[in-house]
Amino acid sequence: MSRYAAPLREMRYVLFDVLQGESHFRALPGAEHVNRELVDAVLDEAAKFNELVLAPLNGSGDQEGCHWHAGEVTTPKGFKAAYTQFVDGGWSGLTAPEAYGGQHLPEIIGAIVKEMIDSANLSWGTYPLLSHGATEALKHHGEEWQREVFLKPIVEGRWTGTMCLTEPHCGSDLGLLKTKAEPAADGRYRISGTKIFITAGEHDLTENIVHLVLARLPDAPPGTKGISLFIVPKFKTARDGSVGERNTLSCGSIEHKMGIKASATCVMNFDGAEGYLIGQANRGLIAMFTMMNTARLAVGLQGLGLIERAYQNALFYARDRLQMRSLSGPKRPDKPADPLIVHPDIRRMLLTQKAFLEAGRALTYRAIMLVDAFERGTDAEAKKNADDLLGFLTPIVKAVMTELAVECTYHALQIYGGHGYIAEWGMEQLARDARITTIYEGTTGIQALDLLGRKTLQSQGAGLKLFLTEIADLCAANAGNTDTAEFIPVLTQLAQQWQELTLHVGKASMADPEELGAASVDYLFYSGYVAMAYFSASLVAHARPHGDAFLKNKLDTARFYFTRILPRASAHALAIRAGAATLMAMDEESFG
Ligand SMILES: Cc1cc2nc3c(=O)[nH]c(=O)nc-3n(C[C@H](O)[C@H](O)[C@H](O)COP(=O)(O)OP(=O)(O)OC[C@H]3O[C@@H](n4cnc5c(N)ncnc54)[C@H](O)[C@@H]3O)c2cc1C
């Protein structure tokens with residue numbers, strides 16, 4: 001069974017030292033009262049819940065999986081009781097508005113708690129996950145009565161939410177979706193169609209489920225301009241909040257899948273189910289994007305949480321397991337062999353996880369703090385900047401953190417050797433669970449197109465420019481700092497190269513649109529590795545007040561990152577410059 005202890009020291013270091021959490025809270029209207037003491041208390045409680053309640057259910061949930069019988073889904077043993085504890089502890093409304101029963105704490109606090117949930121039990125975490133997205137959509141696009149009726153029970157944890165986008169023939173390309181919405185005389189709509197792969201579409205944790213469903217009105221234009229968003233509850237719910245009979249929707253089956261086996265992935269059939277339009281007709285994608293952006297950052301957090309758990313276990317095992325002698329002579333002569341951690345290749349894998357974990361945490365938290373700045377800010381220019389930078393960082397967080405989670409959970413498995421491949425130690429579960437994170441909420445390929453197309457070239461590099469300014473600020477602020485001296489010139493050079501590469505791709509894709517698609521994933525990884533170099537140096541820059549050992553720890557990690565990981569960025573830059581020609585030269589028939 002794998003272990004988990006919340007990494008509170010690291011979380012606090014990133015939040016309070018590297019990202020100046022206290023000034024962040026002071027500047028947020030409505031969050032001025034949030035101080036270190038309050039955050040510490042919340043995180044301590046969250047750590048207990050995750051370590052003692054959720055983490056022990058991770059392995060058993062994976063082994064048991066969910067059960068489907070005649071349209072009803074039962075979650076694994078212990079899941080419902082844990083959910084009740086979650087709700088009783090007030091966790092479901094941590095960041096939701098006070099007007100709807102929430103505590104309205106900043107999103108970053110909710111995100112740190114969520115990182116713990118994702119480490120402790122990724123599958124369990126998918127049930128409240130979509131509620132957060134539904135809360136955001138209702139908050140921003142719902143009518144007041146819709147918020148009263150649907151938001152309150154979600155915030156209280158009595159109901160959960162879903163996101164129903166995917167259909168059998170349409171996933172990445174939502175313009176193809178067919179689900180229909182017929183207006184009824186009473187102002188409601190009747191929704192008909194089949195949605196697949198719906199996370200938490202049916203389960204036994206709550207008394208009602210609020211499905212947010214994308215569908216087409218009868219006169220809707222084709223493509224993405226003709227999609228509307230509807231609230232479709234499992235049990236019919238009137239405008240006065242009264243809950244009636246079962247709606248005409250059902251869970252046809254649940255999927256048998258590679259990982260997150262305790263998360264119910266449902267086929268949902270809507271047979272004239274009663275629902276309400278949310279937001280404007282044919283503008284559903286805009287409302288859905290509110291959910292999707294939140295959900296994309298949430299999936300990035302899943303990647304982070306998985307890396308943390310993988311690293312903790314790999315480190316434990318590497319210290320404990322004795323195999324062979326160190327190349328430079330025995331390090332534990334009293335033992336029959338040295339522990340794995342003496343071997344350079346094991347250290348390569350451990351340090352790769354540690355470096356990605358620490359820089360990735362800073363990157364992810366930074367992005368989520370921009371959500372706070374955007375949502376609560378009052379200054380128009382500052383809000384726009386937060387929005388631009390957040391838009392730019394979101395696909396990087398989503399795609400890079402999840403791709404690295406796949407890599408790092410495999411490193412952990414490898415460190416366990418054959419024991420990693422068998423179920424008992426829990427490493428193969430982490431690797432299986434990680435795999436979905438690069439697919440749902442938009443695959444890595446789709447994130448890459450979003451980053452390079454919409455968030456960079458179409459916006460004249462607004463987000464990139466802001467991020468490059470942050471890099472320049474770090475370099476200027478640390479001009480005389482001996483701790484970061486070796487990293488600053490590299491960062492300055494990378495910032496320049498990033499700009500040049502972007503201009504190069506922009507020009508190339510104006511001449512040939514295929515160049516954008518050909519460069520996109522390499523550009524995404526390039527951006528991710530450079531962004532992490534910046535955060536890696538930032539982690540060093542703030543370490544000295546924490547003592548020599550802490551500073552050395554951060555320095556050693558950053559040195560490893562800059563010398564042994566960052567060269568990957570150069571390979572991606574070369575691939576970008578190689579262009580589309582080699583990808584497009586071969587005729588379709590010649591592939592085989
Ligand atoms: C466990 C699980 C849970 C899920 N939960 C939900 C949920 O709660 N709600 C929901 O609505 N959906 C959910 N999904 C669906 C998920 O979001 C989709 O599977 C995903 O968006 C990809 O769509 P697809 O499977 O149809 O693949 P496709 O869209 O068919 O894509 C196949 C491949 O082609 C690539 N591709 C597609 N278009 C392009 C392009 N233009 N350029 C380059 N590459 C391209 C993709 O990156 C991918 O690699 C879930 C899926 C799973 C497996």
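Author: Happy to! The crossing of α16 and α17 is left-handed (the near helix is turned anticlockwise from the far one by less than a right angle; clockwise would be right-handed). Helices here are DSSP runs of H or I with at least four residues, strands are E runs of at least two, and both are numbered from the N terminus. The model is predicted, so local features need pLDDT of at least 70 and side-chain atom pairs count only at pLDDT 80 or more, while totals for chains, interfaces and linings use all residues. Residue numbers start from 1 along each chain as its sequence is written.

In your pair, α16 covers residues 488-511 and α17 covers residues 514-541.

On the α16 side, the contact is made by Leu491, Leu494, Trp498, Leu501, Val505, Ala508 and Ser509. Facing them in α17 are Glu515, Leu516, Ala519, Tyr523, Tyr526, Val530, Ala533, Tyr534 and Ala537. Contact means C-beta atoms, placed from the backbone, within 7 Å. By class, the α16 and α17 contact holds 14 nonpolar residues, one polar and one charged (Ala, Val, Leu, Ile, Met, Phe, Trp, Tyr, Cys and Pro are nonpolar; Asp, Glu, Lys and Arg charged; the others, Gly among them, polar).

Now for two other pairs. The axes of α11 (residues 380-415) and α13 (residues 427-435) come within 9 Å and cross at roughly 165 degrees. That makes α11 roughly antiparallel to α13, and their crossing is left-handed. Residues of α11 including Ala405, Val406 and Tyr410 meet residues of α13 including Met427, Leu430 and Ala434. Nine nonpolar, one polar and two charged residues make up the contact of α11 with α13.

With α6 (residues 107-120) and α9 (residues 284-320), the axes come within 7 Å and cross at roughly 55 degrees. α6 and α9 are therefore oblique to each other, and this crossing is right-handed. Among the α6 residues here are Lys114, Glu115 and Asp118, and those of α9 include Glu308 and Arg309. The contact of α6 with α9 has five nonpolar, three polar and five charged residues.

Stepping back, the protein has 20 helices and eleven strands, and its C-alpha trace spans about 80 × 60 × 60 Å along the principal axes. There is a ligand too, with 20 residues around it, and Leu165, Gly171, Ser172, Thr443 and Gly445 come nearest (near means a C-beta atom, placed from the backbone, within 6 Å). This shell divides into nine nonpolar, nine polar and two charged residues. β3 (159-164), β5 (189-199) and α14 (444-457) each supply at least two residues to the shell, and β5 gives the most, with three.

Note on methods
Axes are lines fitted to C-alpha atoms, for helices over the stretch in contact, and angles run from 0 to 180 degrees between N-to-C directions. Angles under 35 degrees count as roughly parallel, over 145 as roughly antiparallel, 65 to 115 as roughly perpendicular and the rest as oblique. Two residues are in contact if their C-beta atoms, placed from the backbone, lie within 7 Å.
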